[in-house]
Amino acid sequence: MIKVMSVVPSVESTPDPRELFVIYNRADRIFRRIVTSGALTSLILLGLIGTFLFVRSAQIFNDRGLKFITGSNWTAGSGDGVIPDDFSIGPMLTGTILVSVIALIIAMPLAIGGALYIEFYAASRLRKLLSTMLDLAAAIPSLIFGLWGVVLFTSFGERWSILLNSRFGWVPFIKVQAEVFGRSPFVAGCVLASLITPIITSVSREVFSRTPRDLIDTCYALGSTRWGAIKTVVLPFGRSGVIGGAMLGLGRALGETVAVYLLLNIVFRYNFRILESEGGNIASLIALKFGEATEYELKALVAAGFVLFLLTLVVNMFAATIVEKSTRRK
Amino acid sequence: MSTVVIEPQSQSLAPQPTMPWKPTRKTQFSGIFSVVVVAIVSLAIVLLTGLAGIDGFGLTFLAVFLGVTVARTARQNPKVRKDSMVGVAICAAAVLAFFPWMSIFLSVILKGARGLQPNFLIENMQLTTPDDELNMGGAAHAIIGSMMMVVIAAVITLPLGILSGVYLTEIRGRLTFLVRFVVQSMSGVPSIVAGLFIYTTFVNFTNSFSGMAGSLALAVLMLPTVARTAEEVMKLVPDDLRSASYALGARQWRTSLMVVLPTVRSGLTTAAILGIARVIGETAPLLLTSLSNNSYVFNPMGGPIGSLPTYIFGLLQIGTENSINRAWTGSLVLMILVLVLFLTARYFGGKDKR
């Protein structure tokens, strides 16, 4: 008679692990208190940023109320009351959102394609190199992107703008009034897109790489093509992570200062035509007006900063929740 | 009772594993060959039709390649055809995603190398105007200022980052989720807001712009990076090590301070370096806190101080040919700094895993 002995011991014979508990003595408690207070610094810091910005700009919100958000002028008064101070950020707020949305729309397909390429198409040696390069690209200062945009990219951007205008001029938000291209929200959006693409790509890649390998292999075993496996397993699995990455990129684009400052004509007028060479965002407004601002105008700038802070905080909290959720499970 | 041990078959009898999905020499060659042919064809189209520039070439290349793919797979299963077309699209997206980065990298090296002469690294701009020839003046003051500010910022941030790392991995108190959440969302605070914050507090209280103010603004931006990296590396410490320490009778504070932290020493170096690399190119907060200066300042409280990003930014605003060339050289130095920091961080980061 042949009997194959089982090597695995039966389940009943393993005892349950003992319940672990810790008794902290005085030194431990002190240690824990010190570490906890250190860890709370970031919490306190975030609170302090909000509080200080709000306190310093309370006068503006008090004076102007909702008009600060909806109005469309930024005029420093003459001081003697002949021309009154008139500060509001309406066009800059819409400009911020416009440029960031353009950037996001351009960056998303590139980032998803790039992430899929690195994870599923590139050879393994190339994959390592590309992901290192990706981390590096995300570390390049935005100032260098701005410099590159001003000196090298603008001519390309202008040509694409002219092409878009002549082919799609009938679309309301593409039509231009003056035939001047360059320094438009579109060009700035393109440069911002190249700035946030590495961020979104690296988050998406991270999420895609967590797709259970056996599910993909099952697809292949059932005769699926590579795209079939990606469409049915990888993309649904990574969807929330990709959205989180997009939110992170959006947050970065909303708060970008120097690249937009260098690439846009900052004009105080509501402008939704993406090829018109005027626009701006809140961050670049602060950088532009800070140097020669009066006391009252400074308060208005701080108020603008507070609005930007709230805007990005909401976007980032949303992103943090999603990314946290989708990368925690293994 | 007898057990049967199945002997592994001898090597010669076992079938050699074949990897049918692996590209053979022939398919690799034909792949490269078709790319070259498509490139030549699209180059010809670009030259003949006047679709100018590298962007026109790229577009034509993509169109021709898609056409070739469609033609090649015309007789096959529609699923296979779709797969190869999507493959082309994904490769194109990947190239486009990496293209700006490569372009920036190359242009900074090519345009910056011209001005990278010894004087750039040892002189300052006190006696030189930005429009002077490139062999006069330099950015030594800016490099020193930048270094000083990031080092002060790192000294402030590192202990706090380590403490929140220890909290998140060792103490795991009630606030773990909240702390992690706040650190995550803080990493998205716009840099100009950090600058405004320090302006409304530190600069207003001390009544002067200074290097210290710049360092504090950079520290605000650095903290999330350092804290997150510290948490990541401490997570990698095996629990066995902690259990062993407890089994030997150590208390929690001794375990954390004398077992866990020494284990991740090089990981913490990585955290600090990544934090520095994250903020060394930040311009916006420095425009509101440390301003800029044309000569050496060694005192962090001694008024406005020069730094590389503000140096480049100032030159760009002047906008003459020589000043823009200087800006490219400044960018090259900045990028080399980031690159070196990054590779050092990689080196230290790789050490822990071994």
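Student: In what order do the elements of chain B run from the N terminus on?

Tutor: They run α-α-α-α-α-α-α-α-α-α-α-α-α-α. Chain B has 14 helices and zero strands, where helices (H or I, at least four residues) and strands (E, at least two) are DSSP runs, numbered from the N terminus. A word on the source: this is a predicted model, in which local features need pLDDT of at least 70, side-chain atom pairs count only at pLDDT 80 or more, and totals for chains, interfaces and linings use all residues. Residues are numbered from 1 along each chain as its sequence is written, and chains are lettered from A and ligands numbered from 1 in the order in which they are written.

Student: Why is chain B called more spread out than a compact globule?

Tutor: The radius of gyration, taken over C-alpha atoms, is set against the globule rule, 2.2 Å times the number of residues to the power 0.38. For 354 residues the rule gives 20 Å, and chain B has 28 Å, well over that, so chain B is called more spread out.

Student: How many residues of chain A are in contact with chain B?

Tutor: 74 residues of chain A are in contact with 75 residues of chain B; contact means that the C-beta atoms, placed from the backbone, lie within 7 Å. Helix α12 (residues 295-328) of chain A gives the largest share of chain A's side, 10 residues.

Student: What percentage of chain B is made up of buried residues?

Tutor: Buried residues make up 44% of the 354 residues in chain B.

Key: Contact = placed C-beta atoms within 7 Å. Buried ≥ 20, exposed ≤ 12 C-beta atoms within 10 Å, placed from the backbone.
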